[in-house]
Amino acid sequence: MKLTLKIWRQKNAQDKGAMVDYQIDGIEPDMSFLEMLDVFNQDLMSKGGEPVAFDHDCREGICGMCSLYINGEAHGPDRGVTTCQLHMRMFKDGDTITIEPFRAAAFPVIKDLVVNRSAFDRIQHAGGFISVNTSGNTIDANAIPIKKEDADNAFDAAACIGCGACVATCKNSSAMLFVAAKVSQYALLPQGRLEATDRVLNMVAQMDTEGFGNCTNTGACEVECPKGISLENIARMNREYLSASLKG
Amino acid sequence: MALDSKIPNGPIADKWTNYKDHINLVNPANKRNLDVIIVGTGLAGGSAAATLAELGYNVKAFCFQDSPRRAHSIAAQGGINAAKNYQGDGDSTFRLFYDTVKGGDYRAREANVHRLAEVSTNIIDQCVAQGVPLAREYGGLLDNRSFGGALVSRTFYARGQTGQQLLLGAYSAMNRQIGRGKIKMYNRHEMLDLVIVNGKARGIIARNLITGEIERHSAHAVVIASGGYGNVFFLSTNAMGSNATAAWKIHKKGAFFANPCYTQIHPTCIPVSGDHQSKLTLMSESLRNDGRIWVPAKLEDAQAIREGKKKPTDLTEAERDYYLERRYPAFGNLVPRDVASRAAKERCDAGYGVNKTGEAVYLDFAAAIQRYGKEQVLIHHLDANDKELIIKLGTEVVSNKYGNLFQMYYKIVDEDPYKTPMMIYPAVHYTMGGTWVDYNLQTTIPGCFSIGESNFSDHGANRLGASALMQGLADGYFVLPYTIGDYLSPDIKMGPISTDTPEFAAAEKNVKDQIERFMNTNGTHSVDYFHRKLGKIMWDKVGMARNEKGLNEAIAEIAALREEFYKDVKIPGVANGFNQELEKATRVADFLELGELFAKDALHRNESCGGHFREEYQTPEGEAQRDDENFAYVAAWEYTGKPSDAVLHKEPLVFDNVKLVQRNYK
């Protein structure tokens, strides 16, 4: 396949940045999108250019490190995948592909397609945990039975990989789906109920501090989420937040 | 220097308890005056960081990723072992200990493995208390599955994302401590050297990967939890960034490196599709619970399939060779990984491979779908003759258990594994070898500890499935927090350690010189060019089957490649900024040394054991032939200037509780 790539190039956080056009040939449908970028970078370097910086690590869709806004969609045109799982068979010979970083005020660009998502970590620091010590001297794991349905729903929420596609997709750059996933996971489990009130208040407060926007229920985040985190989690978080606010 | 493993005296079941009763403790007020550096935030590093911070130490944690949550433990799929015996199927601490020593082909240290089995049950309690959503049965209790090399169901899991959920549990425990200010987190930082002051590890030199700044960080102890070195093969199931640099740097500063040749080639990975391949994807071993592995029984069928003239579903039962069930009737598809991998290679080498490259076998779920479907029909009182319904319901059960893996396969290969068998082939996955540590998990450098995959101690020559997660969390949550206190107790009055010393300056200069050298080489080839070449040498000559001639060639070729690398590598961009090529260069430089030591170790070990298979040493049936008389020891290598000059130290392995026999899974 022969492709035209339009890629966001930005030297560092201070640089203004711009889209730059490139041509590439010899791309095979079995390549992953990031392997295509590997080939492209090797080619670029052999011509004396500086390779395009992009985040990636596990390349199997679980670490959440890869990002990329491809042809106007977070993680590209396929559904239920991260960019590293996107394959070139989703594109045609002669296509033009636009590649940009995940854009949000809370995700400043570090270089080219690499952004800083530490705001997500700081939200987790504010309450994304259950306050048990890690001594191992707790009760037996089977002492509290948990309904399979609740455990499964908690798992579905916990499957979030923290990639930031929800934020990049949202017209308001809202982090509600990300925060709601963690709030829901713990809200659904008896172990997490004890601190539910503080958790939701603190995490939402931190989310606002970081400069993420409001949720206006467009549902775009759910569509682009590579792990299928459901909007129901946002509804659950809103209920948790409301009842916490009333208590507070 | 004689190796002292510091294994406590007494009966094996009492060693750890007695030991804990008699070590030195640090009182809570004094812990506040002690700093600990932890490099790596996977299951081992993350759990250690959280626990040490909770105990009161000041922790500085480092990871090269943009968040500790991304460490490659996240990708572990299948599960975590624990001797809970919830299933009442005969499991016990001793049995988990025994299975692990046997699975490791009798090349692990008994005392460490027993301790691992002892604390395994605590891990599950801990994780449930942290809100880790492990799989449950309809009665609300935890579910288990079975894994290779065991006759009991002791594996706890969270669908196909067990590593993710356990890591996020450790990450949540870290977050609590980061929020309290007890852990200072350094994301996007890479450790590039260890600083030793008066014979003790007292700090590290790290590069800030965003600004390129070279930073000095001091502490009273340094813990390496940087994972394994599988990426020495270029293609592996490791993450792209997984590297051996932290472990290798401490090796060059005096930490012995043990058993580098013990590498696990995982039997169920998605086969290589082309030259552009950047990494390999694992399909969890848990799939072997329900999937049956086969190749065509006749060569002409294999050839027809390779040429696209036949499909796997065209072949009748009689035309298939379920070779694991045939060769190992007792364990069948659940033989340990090393055995399963070699059996796949044997069939493919004999011409029975089923993809274009001839390097793939089938993993088939048709029988499992039928079996589960029939069960569902009975449970729900439905029409037992409705074949389509049976397939539909069976597919749902399989999807519930392995849905994410099937989806992953579909996205990569573009074939639906519910309808046609998966194609799989072995790939480099885990390294049992690593930094030598004593019972305290301390390396041969005082104050420098090594935990999780980066040490060598628990898995011998082959790791059993679902044991890596167990070991990482055991080391971090329950072992290191005790042993490091014993080491730190004399340091309570020391106060903060200055970084303004000649030792820090010298280490920093060393790092800066290396970076400058890379930036100024201005060669003609990229880092990947050399890394791929190294990987090819390793896979061809130091891979699943090794022999003396090939290993000698590999040693020479790697040394030559290393020389070429330093002369001809090209690093674009700048050193004082974000530069991914430079990051790769520093990592590959270390792989180019480690690979040579790896081959040297494989050459010296004139036996086959676990993941180390020397073609010269095999039984008439082609199984690994150990030599317990001459090789029942840990090979711990001391760095003396270059890999070829490494000096061998032997730690004899003593087996008081397990009888050494040839592993038999028939």
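Modeller: Let's begin with the chain as a whole: in chain B, of the contacts between residues at least 6 apart in sequence, 74% join residues at least 24 apart. Bear in mind that this is a predicted model. Chain B has 18 helices and 19 strands. Its radius of gyration is 25 Å, close to the 26 Å that the globule rule gives for 666 residues, so chain B is as compact as a globular protein of that length. Along the principal axes, its C-alpha atoms fill a box of roughly 80 × 60 × 50 Å, and 60% of the 666 residues count as buried.

Now for your helix. α10(B) runs over residues 337-349, which makes 13 residues. From first C-alpha to last it reaches 18 Å, close to the 18 Å expected at 1.5 Å a residue. The helix is mostly covered, with 11 of the 13 residues buried. Charged names turn up in that buried set: it includes Arg337(B), Asp338(B), Arg342(B), Lys345(B) and Arg347(B).

What do the buried residues of α10(B) pack against? Their partners are the strands β11 (263-269), β12 (292-296), β14 (361-364) and β15 (422-431), plus the helix α9 (323-327), in chain B. After α10(B) comes Gly351(B), with a positive phi near 100°.

Elsewhere in chain B there's an open sheet of 5 strands, in the order β5-β2-β1-β9-β17, with parallel pairing. β5 (183-186) and β17 (448-450) are the edge strands, each pairing on one side only. On average, neighbouring strands of this sheet are turned by 20° against each other, direction ignored. Zooming in, β2(B), residues 58-62, pairs with β5(B) over 4 bridges in the parallel sense, and Phe62(B) stands opposite Tyr186(B) of β5(B). Helix α13(B) packs on the sheet, where it touches β1 (35-39), β9 (221-224) and β17, and its direction makes about 150° with that of β9(B).

Last stop, the neighbouring chain. The contact takes 67 residues from chain B and 66 residues from chain A. On the chain B side, the elements giving two or more residues are α3 (43-55), α5 (110-129), α6 (162-179), α12 (387-413), α13 (468-488) and α17 (580-604). α6(B) gives the most, with 9 residues. By type, the chain B side divides into 23 nonpolar, 29 polar and 15 charged residues.

Definitions and conventions
Residues are numbered from 1 along each chain as its sequence is written. Chains are lettered from A and ligands numbered from 1 in the order in which they are written. This is a predicted model: local features need pLDDT of at least 70, side-chain atom pairs count only at pLDDT 80 or more; totals for chains, interfaces and linings use all residues. Two residues are in contact if their C-beta atoms, placed from the backbone, lie within 7 Å. The radius of gyration is taken over C-alpha atoms; the globule rule is 2.2 Å times the number of residues to the power 0.38. A residue is buried if 20 or more other C-beta atoms lie within 10 Å of its own, exposed if 12 or fewer, and partly exposed in between; C-beta atoms are placed from the backbone. The expected span of a helix is 1.5 Å times one less than its number of residues. Two strands pair if DSSP finds at least two bridges between them. Axes are lines fitted to C-alpha atoms, for helices over the stretch in contact, and angles run from 0 to 180 degrees between N-to-C directions.
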